[in-house]
Amino acid sequence: MEAIVFFVCAALALVGAFGVVLARNPVHNALFLLLTLVTMAVFFLLQHAQLVAIIQVVVYASAIVVLFVFVITLLGVDEHESLDEPLPLQRPAAIVLGAVLLVQVIVLAGRHWVTGAASQRGALGSARSGNVQTLARSLFTTFLWAFELTAVLLVIAVVGGVVLARRGRQERRVPAVKPADSTATAPKETV
Amino acid sequence: MSHLLALDPLFQSGHVGFSVFLVVAVKVLVAFALLLVSVMLYIWGMRKWIADMQNRIGPNTAGPWGILQTLADGIKLFFKEQSIPDSADRVVFRLAPYLSIMPAFLLFCIIPIGGQVSIFGHQTFLQVADLPIGALWILAMSGLGVYGVMLAGWASGSKYPLLGSVRATGQLLSYEAAFSLGILGVLVRAGTLSTHDIVSQQRWVNWHSFVSQWYWLPAFVPFVIFLIAATAETNHPPFDLVEAEQELVGGFNTEYTGIRFAIFFLAEFMNVITMSAVATTLFLGGPSGPGLGFLSAGNALNTWLMPVFWFGLKVIALLFVTVWVRASMPRMRYDRLMALGWKYLIEIAILWVLVAAAIEVANVQNWNVWATVLIAFGSAALAYGVLYLAIPKPDEVVEEFR
C-alpha cells in the first residue's frame, strides 16, 4: 500500500518538476510547482511527519505559490523574456552544482552520515498527539535559542522588505510631485 | 497507511480489512451526499429567509414551499451549453472549478458531526477523518481554496474576471492571517489540534456547560474574529467584492457557463456551510448537547441521533446569522475591507493569543490569574504606545521626504 502511494506520488512529483522547467507559460510553471509541493507533502506523511506535511501545504502550497501566481497574473509577465544572463557563468555553474547534488543524493542516501544513522522511520511521539507536541517541546526547550534567533532573523527580513518597498515608492514620487509644482507656478511667471 | 487516521478507534487494531475499508467508504459517500443536500437546502432556505426579511415571497413554485428550486436550477445548468472564450487558457479554465470545490469538501472531512458510534460492529467516530493535525488542515484547505478563484479569473482571459480574481486573492490572503489567529485563540486553550479532542473537551455535563464548557465564552474575541474572517474568506456579503455586480459584471466567474458556473456556486455555498461547521466545532461544542433524559445514555437515539441533531441545529443557527448579515449589510469599500483586516482584526487577534497564553501559563504555575491578565494587557498597551510614538504617521513621512 505504502509502496503504491510512493510510486504514484513520485511519478507525479517528477511530472511536476519537469513541468516547472519545460512549460512555456509562467502560470503553468507555478501550477506544476504546486503539484510537486503537494506530492512532497504526501512523502512527508509516508514518513509519519504529519506536522511537516501540513506545514508544507499551508506555507508552500497555499501561501508562497499563491503569491507567485498572484504576482504573475497581476503583472502579466512578458512571455518574450530575454535570455541574456547578467552573470556569465550562471548556466555552467548551475549544471555543475546540479550534478554534484545528484551524486551526493545517490552516494549518500542510505549512508550513515551527519546524524550517525540512516534516516529513521516511525512515529515521533504517540499516535494520540501526533508529533506536534513532541516537536513543540523540543523547539521551546532544547532549541529555544536557535528558534528565537530565527524569529529575529525573520523580523529583520520583514523590516528590510518594508524599508525597501517604502523607499522605492518615495523615490518614484519625486518626479511626479516636482513637475506638478513647476507647471502650477509656470503660468504665474509668464504673467 | 492507517497511521494517517490513527486517532479513529476504527484503525486501532492496525489491520485494515475489507469491512474497515467499507466503513470508511460509506462515511465518505454519506458526508459528500450530506454536504450536497445541505447546500441545496441552504440556498433554498437563504432565498426564503431573505425574501421574508424583504417582504417578498421567494421561490414557491418547484415542490412544496419551493424547496426543489435549487434542484431545478442545478438541472437547468447541467444541460446548458458550455462555452470557453477564445482568449482563455483552455486547460486552466477547465481545471479552476474543481480546484475550488475540492478544498471545500476536504475541509468538511475533519468535522465531527457526532460522537463515537458503532457501524457494522466497528467502533468509530462520526466524522470522515480525525487527523492529529486537524486544526492545521482547516488552514491548509481554506488556503488552497484561493487557487480556484484566482485561476478562474486569470484563465478567462478577459478584464473583469481578472480584476475580480485579483481582488479576491488580495482579500483571501489578507483575511487568512486573521482567520488563522482566530483559530489559534482556541487552540491555545484546547491544547490539541484534533477536532475530535476539541469537541470532546466541550462535552455536555449539565445546563451550565453552555457557558462553562463551550469555548465561545472563554474565547469570545477569537469567536467574533473567526466569524468575520470566515465571512470574508467565503466571499459572503458584506465582503462580496469579488463578485460586485455593479463594478465587475460578475467577478471571476463572468466567463463561465453551465455546469462549471454551477460548480463555482456550489463551492461557494459549500464553503459557507463548512465554515459554519468549523465555527460550531471550535466554539460551540460541535455535537455536544443534552441527550434524551428518559432514555439510557447508551441508547441508539442518544448516541446517534441527538449529537447529530445538536450539531445540525448549531450549524443552521450560524447559517441564519450569515443570511441575516447578508440581508442587512451593504457591501464594504475595498480600502475599508483591507483596513479592517490588517489594522484591527490581526492586531486584536495577536493580543488575544498573547493574553490567552499568559492565562494558560498562570494556570499551570498557580499564579493569580487576574494579576496576570492585568500585567499582560498593561505590557501590551505599553508596547502599543511605544510603537505608536515611534512610527511616524503617513503625513509626517511625506513632509519629511519633501
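Predicted model: local features only at pLDDT ≥ 70, side-chain atom pairs only at ≥ 80, totals over all residues.
Local features are reported at pLDDT of at least 70 and side-chain atom pairs at pLDDT 80 or more, whereas totals for chains, interfaces and linings use all residues. Residues are numbered from 1 along each chain as its sequence is written, and chains are lettered from A and ligands numbered from 1 in the order in which they are written.

**View 1. Chain A contains 6 helices and 0 strands.** Helices (H or I, at least four residues) and strands (E, at least two) are DSSP runs, numbered from the N terminus. Along the sequence, the pattern of chain A reads α-α-α-α-α-α. Of its 191 residues, 14% are buried, a residue being buried if 20 or more other C-beta atoms, placed from the backbone, lie within 10 Å of its own.

**View 2. Helices α1 (residues 2–22) and α2 (residues 26–46) of chain A cross at roughly 155°.** Their axes come within 8 Å; axes are lines fitted to C-alpha atoms over the stretch in contact, and angles run from 0 to 180 degrees between N-to-C directions. The angle makes α1(A) roughly antiparallel to α2(A), the term for angles over 145 degrees. The crossing of α1(A) and α2(A) is left-handed, that is, the near helix is turned anticlockwise from the far one by less than a right angle.

**View 3. Helices α5 (residues 159–190) and α12 (residues 334–365) of chain B pack at about 15°.** The two axes lie 9 Å apart. The angle makes α5(B) roughly parallel to α12(B), as angles under 35 degrees are classed. This crossing of α5(B) and α12(B) is left-handed. The contact between α5(B) and α12(B) has 18 nonpolar, 5 polar and 3 charged residues. Nonpolar here covers Ala, Val, Leu, Ile, Met, Phe, Trp, Tyr, Cys and Pro, charged covers Asp, Glu, Lys and Arg, and polar covers the others, Gly among them.

**View 4. Helix α4 (residues 134–155) of chain B is mostly covered, with 22 of its 22 residues buried.** From first to last C-alpha, α4(B) reaches 32 Å, close to the 32 Å expected, where the expected span is 1.5 Å times one less than the number of residues. Just after α4(B), B:Gly157 takes a positive phi of about 65°.

**View 5. Strands β1 (residues 116–119) and β2 (residues 122–125) of chain B form an antiparallel pair over 4 bridges.** Pairing requires at least two DSSP bridges between the strands. B:Ile119 has B:His122 in β2(B) as its bridge partner. The hairpin has 2 residues between its strands, and B:Phe120 takes a positive phi near 50° there.

Notes:
Parallel < 35°, antiparallel > 145°, perpendicular 65-115°, else oblique. Buried ≥ 20, exposed ≤ 12 C-beta atoms within 10 Å, placed from the backbone.
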